[in-house]
Amino acid sequence: MVDRIADIWGSRTPFQRGATWPVRVDQKLADGLSDADVDRWVQSACVLCSNGCGCDIAVKDGRMVGVRGRAVDIVNHGRLGPKGLFGSWQGMASDDRLTSPLIRRGGQLVECDWDTAMSAIVERSRALLAERGPLSHAFYTSGQLFLEEYYALAILGKAGIGTPHMDGNTRLCTATAAAAMKESFGSDGQPGSYEDIDECDAIFLYGHNMAETQTVLWARVLDRIEGPDRPAVVCIDPRLTPVAQRADVHLAVRPGTNLALMNGLIRELLHHGWVDEQYIRDHTVNFEELRETVEPWTPEAVAEVCGVPADDVRRAARIFGTSQRVLSTALQGFYQASQATASSCQINNMHLLRGLLGRPGCGVLQMNGQPTAQNNRECGADGDLSGFRNWANAAHVQELADLWNVDIDVIPHWAPPTHAMQIFRYIEQGSIDFLWVSATNPAVSMPQLPRIRDILGRTELFLVVQDLYLTETARYADVVLPAAGWGEKTGTFTNVNRTVHLSEKAVEPPGQARPDLDIFLDYARRMDFRTKDGGPLLTWEGPEDAYRAWQDCTRGRPCDYTGITYERLRGGSGIPWPCNEEHPDGTIRLYGDGVFPTDPDYCETYGLDLATGAAVSEQAYRAGSPAGRAILRAAQYHPQHEPPDADYPLSYTTGRTVYQFHTRTKTGRARQLNQAAPSAWVEISVPDAARIGAAEGDIVRVASRRGEIVVPARISDIREGTVFAPFHYGYWDAAGAAPAATAANELTMTEWDPVSKQPNFKNAAVRIEKVADGAGPAPAPTTAGSHPAAGTDVPATRGGAPGEASETMGAAVPPGGAIQAARS
C-alpha cells in the first residue's frame, strides 16, 4: 500500500525510449473492503482531469465503493492519480447531493416534482421566444458532460431555439488550445499523442504544471526521466513547480511576457539554422512575415522583458533546435495569459519550422483542462459548428441543416457565435433574460466575481442550473435540476489526445436525479421543436441513439468517429479519432504526411487577426493559398493590459492545486483530498513576505482594483513580485452567513484574448499587506507547486491510512491486447 496523498505520482517504473510504458494498476476501495467484497466492476474512465485514464468502478450493494485503473488502456496503463483514486467515486456520494428539482417560490428554493420544474422552464422559454426571439436565450455548459449530451444541447440550441448564445466553461480553460490549432493547422485536434513521451529526446512544458494538472501523464514523464536515456526537460513557469524542479532549464518568466519569450526562441532557431527549410517550403506558408516579426528578439531583449537570463534562453533554444524528437505541451500558463493565442501559435511554429510533427516523439499537445472539453468543442455546445465545421462557410452550415432536417436560416450563422464573456455582458445589459447553466459554477470560476454575482442576481434573468449539488451558482437559480453524474449514466468522452472512452452506468442516480441527456431531450419534446417535415427535432431514446447520430455528423470531417462504436469500446482500450475505413484502428498522430486541413473548402476557420481578433475574409484566406499547408502565424509582443504600478506593485496569477478540481464540487467532498488542501491561501516570495513583515501562515489581504481576499500566506519559492492563488475555493462550505472573501476570482479582471476570447486570469496587478498573525502554517499542501520555501518548518502533507491505495506492478495485459495494438 502506498500513501497516494503524500506520494502523488506513485512508485516509479522507469523505461527507456521506444519501450512500452510498464503497466501498474492502481486501486482504491472503501475502508474495510477487499476485492472479494466487490459485486462487479464497471468500465469507465476518470473525469477529474483531461488525461482520460481508463478505469473500472467497483460496485457493492448498488453503490460505488472504489475504482481501479485499466491495465489495457493506452492512456494510463493502469494508473490513476489522487483525484481519480479518491474523488471520482466519493465525490458522487455526499449526503448533500441534489435529489429533487427545486423551484423559487417567495424568494426561496423549494422542492418540487419534475413536471413542475420543466413546465416553469418551458413556460418562460416560450414566452421570451414569442416576445423577444431566440437572442433572448443563452446556454452555458461545461467540460464535464458526455459527448451525447453536448450534441443534444448543440442541436436544441442551434436548430431548436436558433440562438448563437452558446458556450461552455471551456472558454475559461482551454479555448486557446482550439484557437491556436485552428489558426496554425486549419482545424482543432491534437497533432501529438501521449505516446510521444515514450519516444522523445526533449519535452517542453509551456505554462503547464503537468505534475499537478495531469498527474498520471507526469508519472509517465517521471518514468522516462528516471530511465536510462533521460529526455531533456524545459519548463516555462513563474513558480518552482515539480516540473520546474526536474527541468534542465527553468524559465521563470514575468507573467504576461510569454510572446516575447516565444519570439526570442524562434529567432534563435532561425539564426542557428535549426530549421528544416525543405519542410518549410513544402508544408507551410507565411514564413517571411514570421522571420521579420521575431528578428528584434535577441536573447538580451527577451531577458530584459521576461526577467530571465539570456543564456537560459539560448540553452532552451539549443535543446529544441538540436534534439531529434521534441514533444511540446501547453496549458493555462499560456492560455489564460496576455496574448494567449499568439503565444500558443508560436509553439506550433517551433515544430513546423523543424518539421517535428506526425512521427514518434515529435508532437504538440495543446492541452485541455477538463475530461470532456474536447467533446464540447467537437459537438458545438461551445458555439463552434458541430463536427469542426466553419461558421463562415455556407456549405458547412448547409451540411448541418441537411443532417438535422431544418432550414439553413434557423441555424444562426449570420455572425460569429457569442463567447461566454459576451454572454454575461449581454445579460448585464438586459438583452439575454434566459440562461441555462449545466455542470459548471460561474459564481466561483468566472473572473471579477463581484460583477458576476450582480449579473446572476438580476431579477429579470430566468436562471436554470443543472448540477449534482447546490453550488454557489445554483443558489441564484429560479429552477434547479438534479443531474445524474459519472457512474450513474452511460456515454462517451474524448481526452486531450483524441482518445474516445465509453463510461458505462454503474449505479442508479440518487432520488429523482436524471442524466443530462434525458433532461435536454425532455426540454426539446416539451418545446415541440420540429424539423422541416414536421417531425420531432430529436427522436433519440438514449445515449447510443445520440452517439450514432454524432457518427453521421462527423463523417468525412477531421474528427471522424464513424469507425468507433460502443461495442468496440467495450472491454478494451479507448480509441483515438479519426477512426474510419481509412484508419480502422484509430490514429495515434496527425499530420505525418505534412498535409493539414487548411483547404478553404474544408478548414474549420478562415482565421482571425492575432492582435485584434478581426476575422480574415474568405477571399483573403484563399489568396494566401494554404492548400493543405500549415500557417506560420506571427504577432508583435505587447505588454499586458494591467501591469504592476505604484499602487498595485505585484503581479497576480491563479491556477490549480493537485488535490482539488475546479470549484471542488466533487474533490471537496472526498475527505483525503480535502484534508490535504482544505481552504484558500496565497503564495508570495520570501523577499515580498519580508517587505510586509509576514511569516508562513500569517493572514494577508490581497487587493486589486476589483476586490480583495483575506487568506493565509504560503511563503514559497515563487518568482519575486508575483502572487499566486488557487482558484478552486468558493463559499459553499464556508461557515457563517457572510464568510470572508477568499475566492481567487474576486481579484481577476474582465479582459480576454482577442482570438480565443479566453479570460486573462494570469494577469492582474495587486497589493498585499499583513493583517494578522497566523495560527499555524497555511493550508497549502507541501507536496507540489505550493511547497514552502527552503528552510521553512512546515509539516509534510500526508494522507495516512485513508490515503493509501494499492499498486500492482506489471499486471497482466491480454496477449496482443490493446496497449500493443494501439502502438502498432
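Trainee: Which backbone oxygen lies 3.5 Å from a polar atom of the W732 side chain?

Mentor: That is the backbone oxygen of T663. This is a predicted model, in which local features need pLDDT of at least 70 and side-chain atom pairs count only at pLDDT 80 or more, while totals for chains, interfaces and linings use all residues. Residues are numbered from 1 along each chain as its sequence is written, and side-chain values use heavy atoms, with hydrogens and water left out.

Trainee: Where does W732 lie, and what else is it in contact with?

Mentor: W732 is in the loop between β27 (722-726) and β28 (764-772); helices (H or I, at least four residues) and strands (E, at least two) are DSSP runs, numbered from the N terminus. Leaving out neighbours within four places in sequence, W732 is in contact with E472, R475, T663, R664, G668 and R669, where contact means heavy atoms within 4.5 Å.

Trainee: Is W732 buried or exposed, then?

Mentor: W732 counts as buried because its relative accessibility is 19%. Buried means under 20% relative accessible area, exposed means over 50%, and partly exposed is in between, using a 1.4 Å probe and protein chains only.

Trainee: Switching to E696, where is that one, and what does its side chain make a polar contact with?

Mentor: E696 is found in the loop between α27 (686-692) and β25 (699-703), and its side chain makes a polar contact with the side chain of R714 at 3.0 Å. A polar contact is a pair of N or O atoms within 3.5 Å; within protein, one must be able to donate a hydrogen and the other to accept it, and residues adjacent in sequence count only if both atoms are side-chain atoms. E696 has a relative accessibility of 18%, so it counts as buried.

Trainee: Which strand residue has R714 as its bridge partner?

Mentor: E683 has R714 in β26 as its bridge partner. Strand β24 (residues 682-685) and strand β26 (residues 708-716) pair in the parallel sense over four bridges; two strands pair if DSSP finds at least two bridges between them. Both faces of β24 are covered, with V682 and I684 buried on one side and E683 and S685 buried on the other.

Trainee: What about the open sheet, which strands sit at its edges?

Mentor: Six strands form that sheet, in the order β1-β29-β2-β5-β4-β3, with antiparallel pairing, and the edge strands are β1 (2-3) and β3 (40-45), each of which pairs on one side only. Within this sheet, β4 (residues 54-60) is joined to β5 (residues 63-69) by six bridges, and K60 stands opposite R63 in β5.

Trainee: Now the core, please: which residues touch the most other members?

Mentor: In the largest nonpolar core, which has 150 residues, these are F204, Y206, W218, L261 and Y652. A nonpolar core is a set of buried Ala, Val, Leu, Ile, Met, Phe, Trp, Tyr and Cys residues joined through side-chain atoms within 4.5 Å. Helix α10 (residues 258-271) gives the largest share of this core, eight residues. A second, separate core has 65 residues, including L147 and C553.

Trainee: How many aromatic pairs are there, and which ring pairs with F204?

Mentor: The count comes to 25 aromatic pairs. Rings of Phe, Tyr and Trp (its six-membered ring) pair if their centres lie within 6.5 Å; planes under 30 degrees apart count as stacked, over 60 as edge-to-face and the rest as tilted. F204 forms an edge-to-face pair with F320, at 5.2 Å centre to centre and 80° between the planes. This pair links distant parts of the chain, with F204 in strand β10 (residues 202-206) and F320 in helix α14 (residues 310-322), 116 residues apart. Both F204 and F320 are buried.

Trainee: Why is the pair of Y606 and Y621 called tilted?

Mentor: The Y606 and Y621 pair is tilted because the planes are at 50°, with the ring centres 5.3 Å apart.
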